[in-house]
Amino acid sequence: MNNHNTVVRSLQVLTHILLLFGVYYTFSTSAWGWLLCSLFVYWTIGVLGINIGFHRLISHRSFETYKPIEYFLALVGIITTIGSPLAWSALHRQHHGHTETEKDPHSPYQLGWFRAWFGLWDVKHINLRLAKDLRKESFYKYTHKYYLHIIVVYNIILALINPLLIVFVYAIPAVLVLHSSSAIIVIAHMHGYKTHDLGHEEARNSWIASLITLGEGWHNNHHHNSKAWNNQERWWEIDPNAWIIRAIKK
């Protein structure tokens, strides 16, 4: 797990460096279309790969779909560079099992918002046995083992088309996904309202987090019922992820 975390964190440092280059390139050339492209890719891979794939499908099994669709969503999630499906699911399940306690890997109440946001977590306590169902599938074992290889191959394909795609179709969207995930970890546990009393848990429904992530910010609803594939409970709690899930679930 520590080796995997080192790879992930190293890639995230690299993507932030490439983001700075991308911003400089855009301002110096006025090629604003590249940033719009990055924003579109961010929304696409964030919704498909993380919100629907890693989170609601793979981690919580809140709905069933066909395996080719599941594996495609998992691969999209991998290129966001926030971990393999196996590692991410284990960490997320640990979060749900120990929310806001010392065993919560990224509670802003335990770590402070800065450490929680920027991934300065104690990952030694993440238990991969929490994802033992995924470890039974060869696909998830191989995507964990060859996580870096998958990202490298993806970037080679981008480079063969146009090297700038590495910056604007990989790096910048990956950085945006990382920080949108942090918005759920921090903002959706510190801002918003509580529809459900969850005891010591501080998960909240945050319109700010929901705007950033396109629907994942109704976090109090989610912690109340993590098996629900639709987080919308009130008419204004718009959940675009559920619209897609409705189309692909069995």
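How many residues does helix α9 have, and how far does the helix reach from its first C-alpha to its last? Some notes on that and a few other spots, bearing in mind that this is a predicted model.

1. Helix α9 covers residues 147-161, which gives it 15 residues. From first C-alpha to last it reaches 22 Å, close to the 21 Å expected at 1.5 Å a residue.

2. Now for the inward side of α9. Its buried residues are Y147, I151, N155 and L158. Looking down the axis of α9, you'll find them within an arc of 55 degrees, so they line one face of the helix.

3. Have a look at S30, in the loop between α1 and α2 (32-59). S30 has a positive phi of about 60 degrees, although it is not a glycine. With 46% relative accessibility, S30 counts as partly exposed.

4. R61 is another one to check, in the loop between α2 and α3. Its phi is positive too, at about 50 degrees, and R61 is not a glycine. The relative accessible area of R61 is 29%, so it is partly exposed, given that buried means under 20%.

5. Finally, the surface. Y109, W113, F114, F118, L120 and M190 form a nonpolar patch there, with about 640 Å² of accessible area together. One of these, W113, is found in helix α6 (residues 113-117).

Notes
Residues numbered from 1 in each chain as written. Predicted model: local features only at pLDDT ≥ 70, side-chain atom pairs only at ≥ 80, totals over all residues. Heavy atoms only, no water. Patch = residues over 30% accessible without salt bridge, like charges linked within 9 Å, V, L, I, M, F, W, Y side chains within 5 Å. Areas by Shrake-Rupley, 256 points an atom, 1.4 Å probe, with all protein chains shown as cover. Salt bridge = Lys/Arg side-chain N within 4 Å of Asp/Glu carboxyl O. Helix = DSSP H or I, 4+ residues; strand = E, 2+ residues; numbered from the N terminus. Expected span 1.5 Å × (residues − 1). Buried < 20%, exposed > 50% of the residue type's maximum accessible area, 1.4 Å probe, protein only. Arc of directions from axis to C-beta.
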